Amino acid sequence: MVDSNKQAQPEKNTEQAKQFQEDYARKVQMIRQAKGDAKAGIDTMIAELEFHLNACPMGPKFLGKNVKYEAATGWFTKKKDLNLMPFKQALQDPDKKRVSNVRNELEAALKKYPDNSELHALRAIQVYQDINQAGMRADKLGAMKNCLIEMAVAISNGADQVTYSIWFVNMYVGYLEYLKDRINRITRTAQHIPNKRVIELRRILKARLSQLAFFQGVKDKLMGVTRLATLLKGTIYVNESVTMMEVKQAANMLLKGNELQNIKDTKKKASHVLYIYFTLSLLYANIPILKEKVKENLTIMPEVHRDIILQKRMIISVDGINEFKSELYSGHNKDAKSSALKLLKFFQDTIKEHLDTSILTKQFEIDPFIKIAWIILEARDLFPMSDLATMLNMAREGLEVLFSKRCQLKGAEEQARDIYNALTDLELNEESRKLDIASKMREDEAEAEADDSDDTSFDGESEMPVSLR
């Protein structure tokens, strides 16, 4: 008689094996799905990090390839039959309905005059106002970026007047602040993802945060432009751009000593034109995305006078400083050291060729002396102590010129005093560090001698007192 239990056993084992295989297949599927989800999540995070990296305004490439309008002729394009005043007044108009109508007219004007840089600048300002007033959340960064690019391109095509420059810097600083906040959030979110590309992007973005903070310093430079706008309020200097022809004529009038006269066929004084042109160029030099615009401005300006040469060299140095700081923040110390040395030579050459025995009465005349000291302070960790001591002496000698009778610029001594004190503090710190190192070396030597003494073994007779031998 066959045991029924024994017959049922194989069937039971078969069912259990089948169930086990089904469970195993389901777990494998779940693991594969989890891995796929994890990979998709990592890919999404990489895309987010790269998006924020590309959103950083590090240079002219930020503006795209085609910066010049196809038929660009500058701010004056078909100006005779185009009244811009209603569009400018709408920027301050509280009536939303009237503003809306004006905006429709602005869009129509842009279709008719697509190469008019002022129209583009006015549209960028209106979009910027909308972003701030509406409290936009969805793709705010993208909207801010587009309006910043349109404004920068408008300036590059000739809308570089005092009023627009103030709007532009406010846009730029606001964009940097919002971008920094976004980068901080995304890098915190990605900090626990053990992926090589994610880790690399986080490292780069951390360096970018320092660079963006440095770029925001342009806001301090805006004070001079704002003061200029207040002084010239209601005049053509504030609401009209300076043309290339006016700049060249003004430079030649300066050479002849006629800078206080009006430029031919205009109501603009040559001295005012030059001052505005250099003030705006110096402002733009602090904004890397306008690097090509600054180069163009410098090319236009003929070097026919010592004052022009010195102001051009001051503007050129800002670009070098931006490069130096970028390398420093990115951890490229070798490149940063090379840039620092180039800048120091540039300023020394400027002093030797143009300021060696001069009476100093203008800000651009004292600038090289200040900048030499500033570069040495910023680059102090890139040089050995022996080199740094020599550099500190060089910087101090330059600043002492600003304390002498040669310098007659009001406020120059205060500027020099602050940085002179910083140099003194640095030197004291270096001396303290040298003493600490020397003290540590003496301690190490004493410890080594003590160790040698402790290692001496007892050899019996030689160590006995003579009386006991």
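Analyst: A residue is called buried when its relative accessible area is under 20%, exposed when that area is over 50%, and partly exposed in between, with a 1.4 Å probe and protein chains only. This is a predicted model, in which local features need pLDDT of at least 70, side-chain atom pairs count only at pLDDT 80 or more, and totals for chains, interfaces and linings use all residues. Residues are numbered from 1 along each chain as its sequence is written, and side-chain values use heavy atoms, with hydrogens and water left out.

User: Why is C147 called buried?

Analyst: The relative accessible area of C147 is 3%. The limit for burial is under 20%, so C147 counts as buried. C407 is also classed as buried, because its relative accessibility is 12%. Across the chain of 469 residues, 43% count as buried.

User: How do you know how many disulfides there are?

Analyst: A disulfide is a covalent bond between the sulfur atoms of two cysteines. The rule applied here asks for a pair of cysteine sulfur atoms within 2.5 Å, and by that rule the count is zero.

User: What makes a segment a helix, and how many helices does the chain have?

Analyst: Helices are DSSP runs of H or I with at least four residues, strands are runs of E with at least two, and both are numbered from the N terminus. By this definition the chain has 17 helices and zero strands. One of the helices, α14, contains T350.

User: Which residues does T350 touch, and is T350 buried or exposed?

Analyst: T350 counts as buried because its relative accessibility is 3%. A contact means heavy atoms within 4.5 Å. Apart from neighbours within four places in sequence, T350 is in contact with L310, R313, L355 and P368. R313 lies 37 residues from T350 along the chain, and their C-alpha atoms are 7.8 Å apart. In the chain as a whole, residues 24 or more positions apart account for 75% of the contacts with a separation of 6 or more.

User: What makes a space a pocket, and what is the volume of the largest pocket?

Analyst: On a 1 Å grid over the protein atoms alone, a pocket is an open set of points where a 1.4 Å probe fits, with protein on both sides within 12 Å along at least five of seven lines; lining residues have an atom within 4 Å of a point. The volume is the space filled by probe spheres set on the points, which are joined across faces, edges and corners. For the largest pocket it is about 1500 Å³. The lining of the largest pocket has 39 residues, and L282, M314, Q363, F364 and D367 are the closest to its centre. The largest share of that lining, nine residues, comes from α8.

User: Which helix gives the largest share of the lining of the second largest pocket?

Analyst: That helix is α13, with eight residues. The second largest pocket has a volume of about 480 Å³. Its lining has 25 residues, with K291, D319, G320, N322 and E323 nearest the centre.
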